[in-house]
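Hi,

Here is the structure I promised to pass on. Have a look at it first, and my notes follow below.

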Amino acid sequence: MKGNIIDGLYAITPDWLDDEHLLETVEAVLAGGVSLLQYRNKRADAATRLRQARALRALTRRFTVPLIINDHLDLAEAISAEGVHLGGNDGNLAVARARLGPTAIIGASCYASIERARAARAAGASYLAFGAVFPSLTKPNAPLAPLTLFAQAAELGLPTVAIGGIDADNIAEVGAAGADAAAVIGSLFLESPAPGVTAATMLGALRAGQALHRGE
Ligand SMILES: Cc1ncc(COP(=O)(O)OP(=O)(O)O)c(N)n1
Ligand SMILES: Cc1ncsc1CCOP(=O)(O)O
Ligand SMILES: [Mg+2]
């Protein structure tokens with residue numbers, strides 16, 4: 001059965017090393033209506049990751065928003081994050097489930113593969129992420145995944161997340177295709193002059209697309 005925790009706008013942090021700027025901007029997008037936050041920082045060393053993740057943990061608790069750690073199961077465990085997101089080369093989903101427990105949010109990258117999604121579900125994933133659904137400036141080499149995957153993934157019964165190149169102009173398409181959540185880095189954190197306002201606008205457009213998907 002689908003849960004409703006994985007639903008709405010899923011903000012993913014950029015590779016920022018300035019803690020103050022990171023926390024200020026994350027606070028703005030949380031206030032703008034983000035439902036999930038992923039801490040992803042490919043540039044930070046382990047000490048920076050621990051410090052930033054701890055600070056984000058305090059902030060997300062204030063907003064009662066789940067914090068998901070990208071790639072690093074040990075870090076998720078160390079700071080008692082709500083979950084972890086693992087891609088194809090980031091470790092075993094079943095091990096993450098065993099270590100974080102039955103209520104943890106375990107996200108799985110499925111790229112453009114329903115077979116991968118099926119295997120992720122069997123290994124204990126909480127949600128299935130597909131992408132890049134549009135070309136991404138943040139990850140330009142990410143292979144593209146068609147939006148038609150969301151209709152196919154519906155039969156798996158787990159919440160779905162779209163990622164890659166999602167912005168205020170195309171996020172309604174993501175909702176209309178049947179995705180439960182839209183994961184966003186660049187259009188929220190790197191390209192917007194007002195990330196909190198952009199978050200609220202994007203959430204509204206996602207909801208409009210999802211209403212179309214439901215035939216409303
Ligand atoms: C919600 C969500 N979906 C997909 C990814 C990508 O994970 P991965 O393929 O491991 O790539 P990196 O993010 O680690 O570069 C994600 N992080 N979040
Ligand atoms: C991590 C990741 N995986 C596929 S695309 C992508 C980057 C998403 O960032 P943006 O929202 O800026 O395209
Ligand atoms: Mg990864």
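Let me start with ligand 2: 14 residues lie around it, and Ser136, Thr138, Gly164, Ile185 and Gly186 come nearest (a residue is near a molecule or strand if its C-beta atom, placed from the backbone, lies within 6 Å of it). That shell splits into seven nonpolar residues, six polar and one charged. Here Ala, Val, Leu, Ile, Met, Phe, Trp, Tyr, Cys and Pro count as nonpolar, Asp, Glu, Lys and Arg as charged, and the others, Gly among them, as polar.

Before going further, some housekeeping. This is a predicted model, in which local features need pLDDT of at least 70 and side-chain atom pairs count only at pLDDT 80 or more, while totals for chains, interfaces and linings use all residues. Residues are numbered from 1 along each chain as its sequence is written, with chains lettered from A and ligands numbered from 1 in the order in which they are written.

Now for ligand 1. It is surrounded by 15 residues, and the closest are Gly87, Ser109, Ala129, Ile163 and Ala183. Strands E5, E6 (127-131) and E7 (160-163) are the elements that give two or more residues to this shell; strands (E, at least two residues) and helices (H or I, at least four) are DSSP runs numbered from the N terminus. By type, the shell around ligand 1 has five nonpolar, seven polar and three charged residues.

Ser109 sits in E5 (residues 105-111). Why does Ser109 count as buried? Because 23 other C-beta atoms lie within 10 Å (buried means 20 or more such atoms, exposed 12 or fewer, partly exposed in between, with C-beta atoms placed from the backbone). Leaving out residues up to four places away in sequence, Ser109 touches Gly87, Gly88 and Ala129 (contact means C-beta atoms, placed from the backbone, within 7 Å).

The "binding site" annotation in the unreviewed UniProt entry includes Ser109 and Tyr39; positions follow the numbering used here, feature names are shortened, and annotations may be inferred rather than shown by experiment. Tyr39 is in strand E2 (residues 36-39) and is buried too, with 28 C-beta neighbours inside 10 Å.

As for the fold, eight strands form a closed barrel, E1-E2-E3-E4-E5-E6-E7-E8, with parallel pairing (strands pair if DSSP finds at least two bridges between them). E7 and E8 (residues 181-184), for instance, pair over three bridges, and Val161 stands opposite Ala181 in E8.

Enjoy exploring!

Methods:
Contact = placed C-beta atoms within 7 Å.
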